[in-house]
Structures are given as C-alpha cells and as structure tokens.
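Welcome! Take a look at the sequence and the 3D structure below, and then let's walk through some of the features together.

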Amino acid sequence: MKLGHFDLNLLVALDALLETRSVTRASERLHIGASATSSALGRLREYFSDELLTQVGRRMELTPLGRALAQPVREILLSVQSTVIARPDFDPASAERDFVVRASDYLTTVLLVGVVQRLQREAPKIKLHIVNMTDDVGVQLDRGEVDLVFYPDASVDPRHPSEVLFEDTYACVVWSENDEVGDTLDFDQYFRMGHVAASFGDGRSVSFESMAVRRQGRRRSIEITTTNFNTLPQLIVGTTRVATIHKRIAQIYCRLLPLRLLPVPFELPPLVEVMQWHAINNNDPAHVWMRQMIKEEALAHIVSAVTDVASAS
C-alpha cells in the first residue's frame with residue numbers, strides 16, 4: 001500500500017530500525033535478510049532525505065529526524081494492530097488471542113495462578129505469556145510490546161491507564177525449629193539476625209520492602225540474596241535467618257513448609273499492586289474482558305482474606 005509516494009509497508013521496517021538502531025538486529029526482528037533490511041533503510045533515507053541512522057564510533061545513532069519519528073511511527077503501528085486484532089463480537093469461549101504480561105513471581109503466585117485456572121475454564125483458546133519484570137518494562141509498555149504490567153503503584157506511568165488491584169502487608173518468616181526466636185521479634189533482635197532478601201533487574205535493585213526497612217535507620221545483615229520472592233521462604237528452612245516478605249505469599253508457604261509467620265517489629269507501608277496497560281488497548285473488547293476477569297480474581301482474594309481473618313478471630 002502506498003500513500004503519496006510512501007510505501008506503508010516500510011513503516012514496519014522503519015519502526016524496527018529506529019528501535020534497534022541496527023540493520024542486523026532489525027532484520028532479525030523482521031525475519032528478513034540483512035540485505036533486504038539495508039535496502040529498506042536506503043529507500044527510507046531517500047524518501048525522508050535524511051540518514052535516519054548514522055554511524056557514531058562503533059555504534060549507530062538516530063539523527064534528530066529519526067528521534068522525532070520513533071514515537072509517532074510506533075503509535076501508528078499500535079493503532080493499526082489494535083484495529084486489526086479487535087473484534088466487536090468478542091466471545092471468550094471461542095476467541096483465539098495471545099496476551100503478554102510482565103509480572104513478578106510474587107504477583108504470579110498470589111493472583112495469576114487463579115487467573116490461569118479461570119482462563120482454562122472460560123477462555124481455553126486464549127494464551128497467556130507471563131514474563132519476568134525487567135528494567136526496561138516502561139519502554140516495552142510504551143511500545144505496546146506487553147499487554148499488561150503489574151507492579152507497585154510507585155512505578156505507574158501516568159501516561160497510560162491503570163487500576164489498583166489490591167493491597168498487601170508484610171510479615172517475617174522464620175524456620176519453625178528456630179529456638180532463638182519466640183512468638184514475636186523485637187526491633188533489636190530483628191536487626192541482629194541474619195536476613196534473606198530479594199534483589200531484581202540488571203541493576204540488582206532492592207525490593208520495595210528493602211527500601212522501606214532502610215528508613216528505620218538501621219542496616220540489616222543480609223547474608224543471602226535471591227532474584228525472586230518464591231525462594232525467600234525456602235531459603236529460611238534449616239537456618240536461624242529471617243525474611244521479610246509479603247504476607248499473602250508468606251501465608252502460602254507457611255502451609256507448605258516448616259515455617260512460622262511473625263509480625264514485623266516496626267511499621268511498613270502497605271504494598272499497593274497496580275495493573276497497567278497501553279492506552280491504545282483501552283477499548284479493545286478482548287483486553288477489557290481480560291482486565292475485568294483479573295479484577296474479579298483480585299477481589300475474590302480480598303474477600304477470602306477478610307473471611308480468613310474473621311474466622312481466626
């Protein structure tokens with residue numbers, strides 16, 4: 001298809017070239033040969049009368065026009081994609097659709113496990129691809145490369161729609177046979193103990209809980225680190241260490257492992273988990289249905305937690 005004298009098929013190539021800043025990587029993304037990608041770049045340069053990509057030392061950099069085109073080109077392609085994929089007569093029982101979501105292992109355990117079960121019952125042909133969080137998740141959201149992102153409210157991008165799913169608090173977990181700890185931990189004992197903690201991403205950033213603990217003005221003795229929340233309780237068993245972990249996942253593992261759950265000996269702000277998506281998907285019927293189903297599952301967990309507390313009291 002051509003508009004004016006511009007071949008709209010070149011938009012996909014332009015998007016890949018501007019994103020990767022490499023003919024080789026763009027050709028891999030486009031699943032075509034490097035020579036064909038190089039030819040597309042030549043045609044684009046001729047049309048725009050601009051290099052778009054230029055060699056700077058050992059790497060390619062965008063020209064000012066290339067930088068200016070990157071976001072509008074991506075938005076055009078996202079709009080086309082949403083138009084092609086969306087079906088006004090969406091029926092979850094028969095619909096075929098792939099969803100890519102970014103979520104921590106914590107969120108997967110406490111929420112998405114139930115979502116997956118519902119999908120099999122209600123939408124068996126919809127596929128859900130759960131991918132770990134990365135440092136560039138905001139860029140991927142901007143580019144429409146993920147359908148949904150789940151993270152604490154502090155990470156929300158105000159440019160895109162979002163919705164709060166639930167709140168969680170924190171608890172301490174110790175091995176059930178750790179006789180150095182009674183039914184409670186006091187402030188000083190907490191900081192004397194060895195700790196197991198989680199850190200994430202390429203920059204080894206600490207978790208929300210670790211940042212909150214730092215505000216107490218004391219430094220923990222972190223003896224073991226891991227890259228996910230689900231291994232924290234497992235690494236406590238058989239030791240005299242302690243882990244500070246989301247209460248929902250702590251309760252799950254206290255039923256599965258020889259662990260005890262204790263109150264944190266100081267106040268930590270609650271974790272507010274949010275679901276976010278690109279604005280281009282706001283009214284897509286399949287997306288609306290998926291988001292509603294996830295909200296219902298989150299609400300079911302809240303009701304269950306309240307019921308458990310009432311029963312315990």
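How many disulfides does a search of the whole structure find? The search finds zero, where a disulfide is a pair of cysteine sulfur atoms within 2.5 Å. Keep in mind that this is a predicted model, in which local features need pLDDT of at least 70, side-chain atom pairs count only at pLDDT 80 or more, and totals for chains, interfaces and linings use all residues. Residues are numbered from 1 along each chain as its sequence is written, and side-chain values use heavy atoms, with hydrogens and water left out.

**Cysteines**
- A disulfide is a covalent bond between the sulfur atoms of two cysteines.
- Cys 172 is buried, because its relative accessible area is 0% (buried means under 20%, exposed over 50%, partly exposed in between, using a 1.4 Å probe and protein chains only).
- Cys 254 counts as partly exposed, because its relative accessibility is 22%.

**The open sheet**
- Five strands form an open sheet with mixed pairing, in the order β6-β5-β7-β15-β8 (strands are DSSP runs of E with at least two residues, helices are runs of H or I with at least four, and both are numbered from the N terminus; two strands pair if DSSP finds at least two bridges between them).
- The edges are β6 and β8 (162-168), each with a single partner strand, so one side of each has no neighbour in the sheet.
- On average, neighbouring strands of this sheet are turned by 20 degrees against each other, direction ignored.
- Six bridges link β5 (residues 97-102) and β6 (residues 126-131) in the parallel sense, and Phe 99 stands opposite Leu 128 in β6.
- β7 (residues 148-152) and β15 run antiparallel and are joined by four bridges; Pro 152 has Glu 273 in β15 as its bridge partner.

**Two helices**
- The axes of α1 (residues 10-20) and α2 (residues 23-30) come within 8 Å and cross at roughly 135 degrees (axes are lines fitted to C-alpha atoms, for helices over the stretch in contact, and angles run from 0 to 180 degrees between N-to-C directions).
- α1 and α2 are therefore oblique to each other (under 35 degrees is roughly parallel, over 145 roughly antiparallel, 65 to 115 roughly perpendicular, and the rest oblique).

**A loop residue**
- Leu 268 lies in the loop between β14 (259-262) and β15 (271-276), and Leu 268 is buried, because its relative accessible area is 14%.
- Leu 268 and Val 213 are 55 residues apart along the chain, and their C-alpha atoms are separated by 7.5 Å.
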